[in-house]
Amino acid sequence: MYIYRLVFLLVLAIYIFSPNILDWWVTLGNAWYSPYLIWAGLIAMGFWLEWRRDPNEF
Amino acid sequence: MSFSLPSLLLVSLLYLSFLFALAHMTDRGMIPHQWVRSPLVYVLSLGVYAGIWAIYGAVGMAADSGFGFLAYYLGISGAFLLAPVLLNPIMRIGRAYQLTSLADVFAFRYRSQWAGTLVTLCSGAAILSLLSMQIKAVSTSVTLLSPGASPQLASVLFSLTVVLFAVLFGARRDQGSDSHHGLVLAVAFDSLIKLGAILLLGAITLISVFGGLDGLDAWLKGYSGQIGALEARINDGSWRALMLMSFAGALVLPHMYHMTFSENPSPRAMARASWGLPLYLLLLALPVPVILWGGIRLAVDMPPNFFALGVAMALDRPALTLLMYIAGMSAASGLMIVSTLALAGMVLNHVVLPLRTPRDQDDIYRWLRWVKRVLIAIIIFAALLFHEVIGKHLDLSILGALSLTGLLQLLPGALGIIYWPEGNRRGLIAGLVTGTLTWTLTLVLPFSHAGHLPVWLQLPLAPDNANWYIFTFVSLALNVVVFTVVSVVSVTTKDESSAAQACSMGALSRPQRRELLATSSDDFIKQLAEPLGKNVSHREIERARNQLKLPAVEYRPYQLRRLRDQVEINLSGLLGPSVARDMVKRHLGYKPMAGSGTAQDIQYVERALGDYQNQLTGLAGELDNLRRHYRQTLQNLPIPACSVGDDGEILMWNHAMEDLTRIAAEDVVGARLLALPEHWHLLLDDFVNGPDLHRYKHRLDLGGRPHWLNLHKSTLSGPEHSEGGSIILVEDQTETRLLEDELMHSERLASVGRLAAGVAHEVGNPVTGISSLAQNLKLETDDVNILDTANQIQQQTRRISTILQSLMNFARTGNHAQANRYEPVIIRRCVDESINLLSLSDKGRNILYQNECPESLTVLGDEQRLVQVFVNLLANARDASPDGGRIVIGGNREGYSAIIEVLDAGGGIPEDQLDHIFEPFYTTKEANQGTGLGLSLVYSIIEEHYGNIQVESPAGPQSEQGTCVRLRLPAYEADTEMAGVNPNQRF
């Protein structure tokens, strides 16, 4: 269960700080589509994790 | 630009009919199965989540709160990215126990019908608002496109259309055994249209309105006025609330649960969806700001929610406008159909069936189908009513927030299923009631103007469009606190604990081994016929039996327990888990427990662990390997072993036991000792229940042959084995016992031999006397008659002496303690002596022995042992020969070998026996006729003499009978260089 607690903590932290992260990212003066880049990065990470997942893992 | 209401209605009907035709073709198998079940279709079908938000709501919210609209997509994206730890466990439980809705999962996990009913009511109440949001969006879009149309009429027509298609689409599955493939493909197509339409509109807006990305950038920089709220700071509260609700949506939205879990084609599809759905939603969200800015730039005179239509109209593109309308209508109808279907299933299982279980129905499946259809209609009309009374006055985003806040109340219980086994039904119900009440009082009633509790209570805060999220968090927090406190304080039942264990992450259920009232699968049919009717009962038991691949009539307790579980799982898919559990509990009951506790079902756990093998990692995997190692050790133990539970159920039956008993483990493991063949049952039952821990040389006749068995028992009771039971070792002592018998027999024979030698010696003296007297008589008379008589007396006494000498020689043989004395032996003499010995026997008086061995044929060996060889060979030949038969003993030299052949004219030896004749104790003679040791002895003596033996039967290629035994021994050469050496020194 250790790994799940860590995941839970990480998710909670991302959840709590997500508005601040997005605000900061937008106020940097990036292009209007920049929030989508973070999102696309997350998807790429999800794809990579799924791709290299051992079929025996949970 | 405007469209007439009938034309819009016609377009809607045509589009939905096309979707229905698509679904129908899929269900008829006209579309390749691998396409329908492909992960892409699954991912697209999950796009049902977006609903009307994809086309209308997102642009409206972007106008109000900038990038805050992304929260609605990001939350569920997070849930899917966390699928391995969030969705997969739920999918595992749902698949294992055929739980088709969240209410089923709650009722199963919290072992409470109330939990299921409450979840259903809560979902039903909350979903009305979401359905109203869809109706409002479609009716508003119709009035925008066809300004004269009545919104009420549009709402009613749209609702009727949805009822029609929901009834047509759903409620077609009758046994919970198949998925709605057609529906899935239709919804996936819906999602594709949504995505295509919004991307097309975005692209056209970007190019036609702004002239590309650079133009858009330039416009954004140059435009000093309002460019939407995209530069504004995100409202933290509403963002977090929307994120959380969207995250929870993956689990608690009825349509999402249905699409994600019930229609999931494979775990692989779920793995693809973990990034596929976020990607789909990203693409769906990408054009939203562009459409918003396009609407602002084109000064569209519409609420921002409907900029998708407004921009297309402002660009004067009727086809695009119609496409956007279809996309919106299709998104709304897709969400409504799926969520209504899912909710109808929940209401059926958790409200209707607990109140009225169908009895005496001719066809229960048909009854269920009709009830579901009626429920679909009721739900959609309830949503229409809600919309007309309350929903149409509220903003789309508020309708969404109301619905999602209500459904959010299910999140604590849902997470508790996987991560908090200590949570119990009291806590869940208390928390859920608290949360739902708070939601109703602080959000639903104030927004519907039915009652304004915060105002009445003169609270400093009253809910409005800007601060609704505070009440979302308040209701959720109260729910969590009450759930936790009540769960910790109250007692959890044993039943609930075991269900919690079964649902926990990585846990296995540990069922108990109890005896069922039913003793066979036929009893199951009779017992279930009471609630289900004979036909349905028979059909359900057959189905479960086929799924488990059990024989036509099953009687093994372990398999009956499996059958019971499978029946419960199948009925759960049909009637919901609570009704199924009650029905199975009541009608397929266990016998009352005799002792204080019952044993774990070892077979069940073993099987479950076996199924689980490739999922066990780390320590659990290592422990499982260890378990397998010890299990294999027991299974491959060369001593027959079995273990028996206290209730007489066979728990283990190893390979050696299978070989000994010729009963496969598959047939008896999980059965009672009673199920064994009678002789084994009597022996093992008596031994298990008896006081002795050991039993020696128990005789048991198996396959017509006696077997002697040693049995050893060890009881498994003790502090670590409270369930008791015993392990039994069975040693097969048959070979040892036969050898012992033979040894005793040989010893007796040896005594007889010694006695015979003694008698021969004693008889020899008087015979010598008689011979001497006859000699004297010959000297004292010249009478020819008397001389003749004296000669005859001497001849007879010589014969007696020869016989006695042979007897004494034979008695001397077989003394293995003595070293063999090798000396030249004339074969012919050996054969003659053997013939003499055999002629003493009463048997075979009429057999003619013909010794054709040449005098010169000599071998080096022990004469007496070679005589023993010929006695055995000739005795066998004699026994096989017919009366008056002839036995020929021939001999010759072939190089350095002496070949001796014993040829008889008997019946021969069957081919299948030829391989066994030299085995000890192998005999085809009757019990008191032979020991089966003769040829074995011959073989070993010939081996000792460095020779070999061959048997041919029939004796020659021409003849069809007779046996020829051919001995090949090293020939003795008197004049070789070895001749001068004492032969015994060579060995």
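This is a predicted model: local features need pLDDT of at least 70, side-chain atom pairs count only at pLDDT 80 or more; totals for chains, interfaces and linings use all residues.

Colleague: OK. How many helices and strands are there in chain A?

Modeller: Chain A has two helices and zero strands. Helices (H or I, at least four residues) and strands (E, at least two) are DSSP runs, numbered from the N terminus. Of the 58 residues in chain A, 12% are buried. Buried means 20 or more other C-beta atoms within 10 Å of the residue's own, exposed means 12 or fewer, and partly exposed is in between, with C-beta atoms placed from the backbone.

Colleague: And what does the secondary structure of chain B come to?

Modeller: Chain B comes to 39 helices and 14 strands. Buried residues are 44% of its 987 residues. Among chain B contacts with a separation of 6 or more, 74% are between residues 24 or more positions apart. A contact here is two C-beta atoms, placed from the backbone, within 7 Å.

Colleague: Sheets next. What's the order of the open sheet with mixed pairing?

Modeller: That one has five strands in chain B, ordered S9-S11-S12-S14-S13. Strands S9 (848-852) and S13 (948-952) of chain B are at the edges with a single partner strand each, so one side of each has no neighbour in the sheet. From one strand to the next, the twist averages 15 degrees. For pairing, DSSP has to find at least two bridges between two strands.

Colleague: Which helix packs on that sheet?

Modeller: Helix H36 (residues 827-839) of chain B, which touches S9, S11 and S12 of chain B. The direction of H36 makes about 170 degrees with that of S9(B). Axes are lines fitted to C-alpha atoms, for helices over the stretch in contact, and angles run from 0 to 180 degrees between N-to-C directions.

Colleague: How many bridges are there between S11 and S12 of chain B?

Modeller: Seven, with S11 (residues 886-894) and S12 (residues 897-903) of chain B pairing in the antiparallel sense. Glu894(B) is opposite Ser897(B) of S12(B). Ser897(B) also has Pro970(B) as its bridge partner in S14(B), and S12(B) and S14(B) run antiparallel, joined by seven bridges.

Colleague: What about S13(B) with S14(B)?

Modeller: Those run antiparallel too, over five bridges. Gln950(B) is opposite Arg966(B) in S14(B).

Colleague: And the sheet with antiparallel pairing, what's its order?

Modeller: S4-S3-S7-S6-S5 in chain B, an open sheet of five strands. Strands S4 (650-653) and S5 (694-702) of chain B are the edges, each pairing on one side only. Neighbouring strands there are turned by 25 degrees against each other on average, direction ignored. Inside the sheet, S6 (residues 705-715) and S7 (residues 726-732) of chain B pair over seven bridges, and Ser714(B) has Ile727(B) as its bridge partner in S7(B).

Colleague: Switching to helices: at what angle do H7 and H8 of chain B cross?

Modeller: Roughly 155 degrees, and the axes of H7 (residues 102-109) and H8 (residues 113-145) of chain B come within 7 Å. That makes H7(B) roughly antiparallel to H8(B), a label for angles over 145 degrees; under 35 is roughly parallel, 65 to 115 roughly perpendicular and the rest oblique.

Colleague: Which residues in H7(B) and H8(B) meet?

Modeller: Leu102(B), Ala103(B), Asp104(B), Phe106(B) and Ala107(B) of H7(B) meet Gln113(B), Ala115(B), Gly116(B), Val119(B) and Thr120(B) of H8(B).

Colleague: Is Tyr946(B) buried or exposed?

Modeller: Exposed, with 12 C-beta neighbours inside 10 Å.

Note on methods: Residues are numbered from 1 along each chain as its sequence is written. Chains are lettered from A and ligands numbered from 1 in the order in which they are written.
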